[in-house]
Amino acid sequence: MSRSTIRLVLFYALALALAAFALEWLQYQYFLKSYPVEIYIVIIAVAFAAMGLWVGNRLSTRQAKGPFERNDAALKSLGISAREMEVLEALAAGQSNKEIARLLGISPNTVKTHIAHLFAKLQVNGRIRAIDEARSLRLIP
């Protein structure tokens, strides 16, 4: 986790603690005794929902870091061939084995072999994990 993420989570936790304190404090005040408790519960729920949406948006947005640059060192150290790289890019595009075979002009069994080699080289056991690992290694955008 980055420092900004930790700070954001701590800020959210502090806000929750302050809101809980405020709720306890309001419990003994005149306004709480004058109006139904449900009104305050709804107000606090809406405030927390809005804050949760804001924090979720801040944590999930990714900022563009510029043009994609392939990590050739990782590619070389893993021993991924050019053809396996083409298969990996097609996997990331969401294509099936038959579609990849048609695109590359090879048989579906050859595609399966390339995928099995990719799984072994990336040390994963599924398409999605292979794509995630390849993205984390900056092999594909």
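**Helix packing, surface and salt bridges**

Ile43 lies in helix α3, where helices are DSSP runs (H or I, at least four residues) numbered from the N terminus. This is a predicted model, in which local features need pLDDT of at least 70, side-chain atom pairs count only at pLDDT 80 or more, and totals for chains, interfaces and linings use all residues. Residues are numbered from 1 along each chain as its sequence is written, and side-chain values use heavy atoms, with hydrogens and water left out.

Together with Tyr35 and Ile39, Ile43 makes a nonpolar surface patch of about 300 Å². Residues in such a patch have over 30% relative accessible area and no salt bridge, and their nonpolar side chains are joined within 5 Å. The areas come from the Shrake-Rupley method with a 1.4 Å probe.

Two packed helices are described by the angle between their axes and the distance between the axes. Axes are lines fitted to C-alpha atoms over the stretch in contact, and angles run from 0 to 180 degrees between N-to-C directions. Helix α3 (residues 37-60) packs with helix α1 (residues 3-27) at about 175 degrees, the axes being 11 Å apart. That makes α1 roughly antiparallel to α3, a label for angles over 145 degrees.

The axes of α5 and helix α7 (residues 108-122) come within 10 Å and cross at roughly 90 degrees. That makes α5 roughly perpendicular to α7, the label for 65 to 115 degrees.

A salt bridge is a side-chain nitrogen of Lys or Arg within 4 Å of a carboxyl oxygen of Asp or Glu. The count comes to 3 salt bridges. Glu89 forms a salt bridge with Arg70, with the closest N and O atoms 2.6 Å apart. Glu89 lies in helix α5 (residues 82-92) and Arg70 in the loop between α3 and α4 (72-78), so the pair ties together parts that are 19 residues apart in sequence.

Terms used: Helix = DSSP H or I, 4+ residues; strand = E, 2+ residues; numbered from the N terminus. Parallel < 35°, antiparallel > 145°, perpendicular 65-115°, else oblique. Patch = residues over 30% accessible without salt bridge, like charges linked within 9 Å, V, L, I, M, F, W, Y side chains within 5 Å.
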